[in-house]
Amino acid sequence: MVRDQIHTILTEYFQTPGARLLRTLKLTPSLVSLLGLAISLGVGYLASIELFLVAGILLLVAGAMDMLDGALARLTGTATKFGAVLDSASDRFAEAAVLLGLLLLYLRDDSDSGATLVFLVLVASFMVSYLRSRGEGLGIRSNVGLMQRPERVVVLAAGFMIDQVQIALAVILLLSTFTIVQRFWHLWKETKHEGKDRT
C-alpha cells in the first residue's frame, strides 16, 4: 500500500532522527504536542489576516510536531494512555484553530461560500477522526481512507503557500467525504456478522 510505504520512509528518514534530536533537547512528548498546538494557534491567526505563505510553512512545522510526539514517546519509552489522549485532543484543537482563522477571514470578507466551505471541512475532518476512534473503541482498526490528518495538513499547507486556499479546502472536503464513506463501509463489513454470531 502506498500510504504504508510513505509511512515507512518518513519513519526512517524523519520521525526516528527527529525524535532522537528532541530527546537530546530534553523535550517530552507532551510538550511537543503542546508546541504543535501553539504553532497551530499562530497559523490560525496568520490565516485570519491573510499571511498565507507564512501560515503554510508553520502549518507544516505543526504537522511535523504531530508526527514526532508519538515517535519520541516510543523512543523514550514514555508512551502513556493520557499522552495519547493529549495528543488526540491537541490535534482536534489545532485543526479547529486553523479553520477558525479562515472562518474569521471569510466572515470579515462577507464570503458566504468560503465560510460554508470551512464549516463543512471542519465537520468532515472531525467525522473522519471520530469514525477511527469509534472503530478502535469497538476493537476494530479503522485507519482506512485517503484523507487522514497528515494529508489534510499537507493539502491545506500547499493551498496556503500557493494562495489557493478555497481550492485546497474543496479538495479536503471531497476526499474527506470519500474517506467517511470508506470508514462507514469498513465498519459495516467488520460488524455485519455480529448479530448472526450471537444466534
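Contact here means heavy atoms within 4.5 Å. Under that cut-off, Asp66 touches Asp87, Asp91 and Arg149, leaving out residues up to four places away in sequence. Asp66 sits in helix α3. Its side chain and that of Arg149 are joined by a polar contact of 3.2 Å. A polar contact is a pair of N or O atoms within 3.5 Å; within protein, one must be able to donate a hydrogen and the other to accept it, and residues adjacent in sequence count only if both atoms are side-chain atoms.

The model is predicted: local features need pLDDT of at least 70, side-chain atom pairs count only at pLDDT 80 or more, and totals for chains, interfaces and linings use all residues. Residues are numbered from 1 along each chain as its sequence is written, and side-chain values use heavy atoms, without hydrogens and water.

Helices are DSSP runs (H or I, at least four residues), numbered from the N terminus.

| Helix | Residues |
|---|---|
| α2 | 29-48 |
| α3 | 52-76 |
| α4 | 81-108 |
| α6 | 149-161 |

Helix α4 has 28 residues and reaches 41 Å from its first C-alpha to its last. That is close to the expected 40 Å, taken as 1.5 Å times one less than the number of residues. Asp110 follows α4 and has a positive phi, near 55 degrees.

Leu51 lies in the loop between α2 and α3. Leu51 is partly exposed, at 42% relative accessible area; the term covers values between buried (under 20%) and exposed (over 50%), with a 1.4 Å probe and protein chains only.

Methods: Helix = DSSP H or I, 4+ residues; strand = E, 2+ residues; numbered from the N terminus.
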